[in-house]
Amino acid sequence: MGLVRKIVTWARIKSPWIIHFNTGACNACDIEIVAALTPRYDLERFGIQLKGTPRHADVLVCSGPVTKQITPRLKRIYEQMPEPKFVVAVGTCSCSGGVFQGCYNVESGIDEVLPVSAYIPGCPASPKAIIDGVTKLLMSLEDKEGSRIQGPGSGKK
Amino acid sequence: MIAAFFNLLIFPGFLFLAIFGLAAEYIDRIIYARLQNRMGPPWFQPLADLIKLIAKEDVIPCEANPRMFKMMPILALTAAVTASFYIPLWGERALFSFNGDLVVVLYLLTIPTLTFFLGGWYSTSLFSKIGAMRAITQLFAYEVPLFICILAPALLANTWSLSEMAAFYAAHPFYWTFNLIGFGVALIAMLGKLEKVPFDIPEAETEIVAGTFTEYSGKLLGFFKLAIDVEAVVGASLLAAVFLPFGYGIGSYLGFVIYVAKVLFIICLLALSRTIFARLRIDQMMEFCWKYVAPLAFVQLVIDLALKGVLIR
Ligand code: SF4
């Protein structure tokens, strides 16, 4: 079993497919995420591909401080993703609420709603920071190789 | 018995085709990346994608019909692998052959498209239904030119068997140069069959999420991806056998190298067109196929009929 688990972990690290979801960002972080996917930064080197549907994705890349209106939709998209799944919060807003913290209409950060695996701060987070954050998330999977890898969502928040 | 199982599962069968298909996908992606001036994925990328998908959870929508939903990816893979047994790969003879296997291969290669349609239809999501309808509409556009232009060389060879066709073209070198128009038509039709970029209308990810495959995840999606890769290789082998029939009978090792080179050449042409063109609308695609591609296929048919009168008495 050990070998199979190792191969599966290797495959998961080498092929993270992402889905990008705007949870109420000011759009700057979204533009940076899209910029990170262009040929200039070439995320396909790491096997990262942008997918249109949550069914195909492994990593949910969120930007923005979860507005009250988008919360149920964010949860629904998360629930549509098959296990194992991870959430990456891009931008200061999605890490802590940023400039919107304490507003009447926001939740102040993704981790108020979903379990988050990686935080990438920056206002907006630059493509280089995003790539750095994603590769660090993948590296942390490698460390956990011994234990069976599961999305942090599998043990209910 | 053991030899038959070996043939079916390992050597020209499933395992070989799967590995060759993954390698072809890698070559397709790296050419695409290099033409866009970027590094592209590492060599093991398609394999890592496949293993990851197989190890992931399968989600079956509760509205969907579970039996049809699960059966379609496996059916697609089976049909694509089965078609390869009738195509002469590097010898003049295919693994199995009978008079009329050309038609059987063409129909077997149609089955994956039908499974895309049924899989999308039975997953009952709106996006996959739109994708399914587009897949079947597109089928009517490219299938007729493909059939006509593949049957034209068979007409010249006066046989319906792929192995006998290969033998005929091996006996008459340079006859294949008469079929170059047909080769172009078949390449265009192949792009439609594999749902590659100018004709990736059924899974247009910027319009309808992921088209037919929207609801598929995990193992089932992995099987569909593998089926598309295998179909690409088998389709390219069919084109190589029909339109580039040379390099037979020079020893199996050299023949094998030539076979791989021919298939990769066709894969490269497909990757090139994927980079150059943008996606067409479904009505533009129908118009293009019926107004320009189908008449070209008929030209090929007429050329072969005329040649048959002149060359072969
Ligand atoms: S972190 Fe800054 S740039 Fe990003 S969404 Fe928030 S306010 Fe906009």
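User: How much area is buried between chain A and chain B?
Analyst: The model is a predicted one. The size of an interface is often given as the accessible area lost when the parts come together. Carbon and sulfur atoms give 59% of the area buried here. In chain A, E44(A), R55(A) and H56(A) lose the most area to chain B, together 26% of what that side buries. The area buried between the two chains is about 2,300 Å².

User: How many residues of chain B are in contact with chain A?
Analyst: Contact is counted from heavy atoms within 4.5 Å. On one side of the interface stand 25 residues of chain A. The number for chain B is 28 residues.

User: How many salt bridges does the rule find across the interface of chain A and chain B?
Analyst: A salt bridge with an N to O distance of 3.0 Å joins the side chains of D42(A) and R38(B). Polar contacts across the interface come to 18 residue pairs. For salt bridges between chain A and chain B, the count is 6.

User: Which helix gives the most to the side of chain A that touches chain B?
Analyst: By class, that side of chain A has 10 nonpolar, 6 polar and 9 charged residues. The helix that gives the most supplies 6 residues. That is helix α1 (residues 2-14) of chain A.

User: Is Q45(B) buried or exposed?
Analyst: Q45(B) lies in helix α3 (residues 45-54) of chain B. Leaving aside neighbours within four places in sequence, Q45(B) is in contact with K14(A), S15(A), F46(A), G47(A) and R29(B). Buried means under 20% relative accessible area. Because its relative accessible area is 0%, Q45(B) is buried.

User: Which side chain does the side chain of T113(B) join in a polar contact of 3.4 Å?
Analyst: T113(B) sits in helix α5 (residues 101-122) of chain B and is buried, with a relative accessible area of 0%. Not counting residues up to four places away in sequence, T113(B) touches A135(B), L139(B), Y142(B) and K193(B). The polar contact of 3.4 Å is with the side chain of Y142(B).

User: Which elements give two or more residues to the shell around the ligand?
Analyst: The residues surrounding the ligand include A28(A), C29(A), T92(A) and C93(A). By class, the shell has 7 nonpolar, 3 polar and no charged residues. The elements giving two or more residues to the shell are α2 (28-36) and α4 (92-96) of chain A.

How values were computed. Residues are numbered from 1 along each chain as its sequence is written. Chains are lettered from A and ligands numbered from 1 in the order in which they are written. This is a predicted model: local features need pLDDT of at least 70, side-chain atom pairs count only at pLDDT 80 or more; totals for chains, interfaces and linings use all residues. Side-chain values use heavy atoms; hydrogens and water are left out. A residue is near a molecule or strand if one of its heavy atoms lies within 4 Å of it. Helices (H or I, at least four residues) and strands (E, at least two) are DSSP runs, numbered from the N terminus. Ala, Val, Leu, Ile, Met, Phe, Trp, Tyr, Cys and Pro count as nonpolar, Asp, Glu, Lys and Arg as charged, and the others, Gly among them, as polar. Buried means under 20% relative accessible area, exposed over 50%, partly exposed in between (1.4 Å probe, protein chains only). A polar contact is a pair of N or O atoms within 3.5 Å; within protein, one must be able to donate a hydrogen and the other to accept it, and residues adjacent in sequence count only if both atoms are side-chain atoms. Buried area is the accessible area (1.4 Å probe) that two parts lose on being put together, summed over both. A salt bridge is a side-chain nitrogen of Lys or Arg within 4 Å of a carboxyl oxygen of Asp or Glu.
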